[in-house]
Amino acid sequence: MTPKTLLIPALLDDHFPLLQYVFASERWQPVLLTEEGPRLADLGLRYIHSEMCYPAILVTGQILAALGSGKYDVTRCGVLIGQAGDECRGSCLIRLLRGALDRAGYPQVALLSLNVRAIDREDRLPIRPAMIHQALAAAVWGDTLAALRDQTRPREAVPGAAAALWLQWIELLGEDLRDGQALSRAAILARCREMTAAFQALAQVEQPVQKVAVVGEIYTKNCRLGNWDLREYLAAEHCRVAVGGLTWQALYYMDSHALKGPPVQRAFYRAVRRYAAAVQRDMLEILHGAGFETLPPFAELKRQAEGFAPLNCTVADGWLIAAEAAAWARLGYRKILCVQPFACLPGHIFGKGQYAALQRKLPNVRLVSVDYDASTGEGTVQSRIRMLLDEAL
């Protein structure tokens, strides 16, 4: 049986090129969407109310643009939508998207829910044990490659060398994931050592750089569509960019969100969390040993967050935002961009709601909040970023 096409909207630029292979099966062939441009928001707004969050508008626009491109047989297409199952309004997107697809003339396109909370059971993508091993490898490798690229790029002797090496490794690791190879703990870490050595071998030149950390809502922090190529903008300004990775986000979710439900389910997640945390610690030892900077291991990050972040705040990205900001400040990142999408209600309350108190607790650090929205001009956003970059600290 020829598999159908499973369209995956952009979300995590450094991880989805690897994570896409997790969803391959006899039934589905994953395709990561690459449609870009300002028209995506306009297209999304035709079918999603403007009061919905900006990520939902962009995701809808990207899906509709792909379906209307003529590249796919819409009678043999499905769309994968992640659902956190918490207070994030994006968890309702699958139902809103169903209506949008029907109105746009695509009632035959299937919607599949990716979640670990047993919601929308009739649309839920089955999760197999092998998928967990693949997802862990993709998360660890994605975190490693992002740190290596972002910290090598500001001083690369050959412009574009770090990005090119990142792409080479993405293709190589994609083959590992597609073939089910190198997925044991030892093999995952061996790849991390190889990647680290490869980036260390890139020629470097001495030049001044600014250290800038980015914290905030997961989509806006990690997707160039949601943050308007923020990483590229900062790289062009010779910034050493620091962004928390997927392993921290996943461990935060398991620590704060997923450890609910029946006893068997809680025991399963505790086992996965322990294993993932152990692999993360090993990954960080490799990076730190080579002179690269990262957030501390998740358990240590949470301990260090006491007094800076409200650890009982687990709505959406909750205490993780403040914890990351405080951790980056400890590592000498005195300029921190706090990014949020407009109309993300949990983000505005539990994310931005922490910034003023956090700024008082970090007097030698400058925090600047940036909101992204379809109605916001590029000049407005860049002026906020320049406010941070041009300030002498």
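This is a predicted model: local features need pLDDT of at least 70, side-chain atom pairs count only at pLDDT 80 or more; totals for chains, interfaces and linings use all residues.
**View 1. The burial of helix α14.** Helix α14 is largely enclosed by the rest of the structure, because twelve of its 13 residues are buried, where buried means under 20% relative accessible area. Among the buried residues of α14 are Trp-319 and Trp-328, together with Gly-318, Leu-320, Ile-321 and Glu-324. Several alanines of α14 are also buried, including Ala-322, Ala-323 and Ala-329.

**View 2. The open sheet of four strands.** The strands of this open sheet follow the order β6-β5-β7-β8, and their pairing is parallel. At the edges lie β6, made of residues 239–243, and β8, made of residues 366–372, each of which pairs on one side only. From one strand to the next, the twist averages 25°.

**View 3. Helix α14 against the sheet.** Helix α14, which covers residues 318–330, packs on the sheet and touches β5 (210–216), β6 and β7. The direction of α14 makes about 165° with that of β5.

**View 4. The pairing of strands β7 and β8.** Strand β7, residues 335–341, runs parallel to β8, and seven bridges join the two strands. Within this pair, Val-339 stands opposite Val-370, a residue of β8.

**View 5. Helix α17 against the sheet.** Helix α17, formed by residues 378–389, also packs on the sheet, where it touches β5, β6, β7 and β8.

Methods: Residues are numbered from 1 along each chain as its sequence is written. Side-chain values use heavy atoms; hydrogens and water are left out. Two strands pair if DSSP finds at least two bridges between them. Axes are lines fitted to C-alpha atoms, for helices over the stretch in contact, and angles run from 0 to 180 degrees between N-to-C directions. Contact means heavy atoms within 4.5 Å. Buried means under 20% relative accessible area, exposed over 50%, partly exposed in between (1.4 Å probe, protein chains only).
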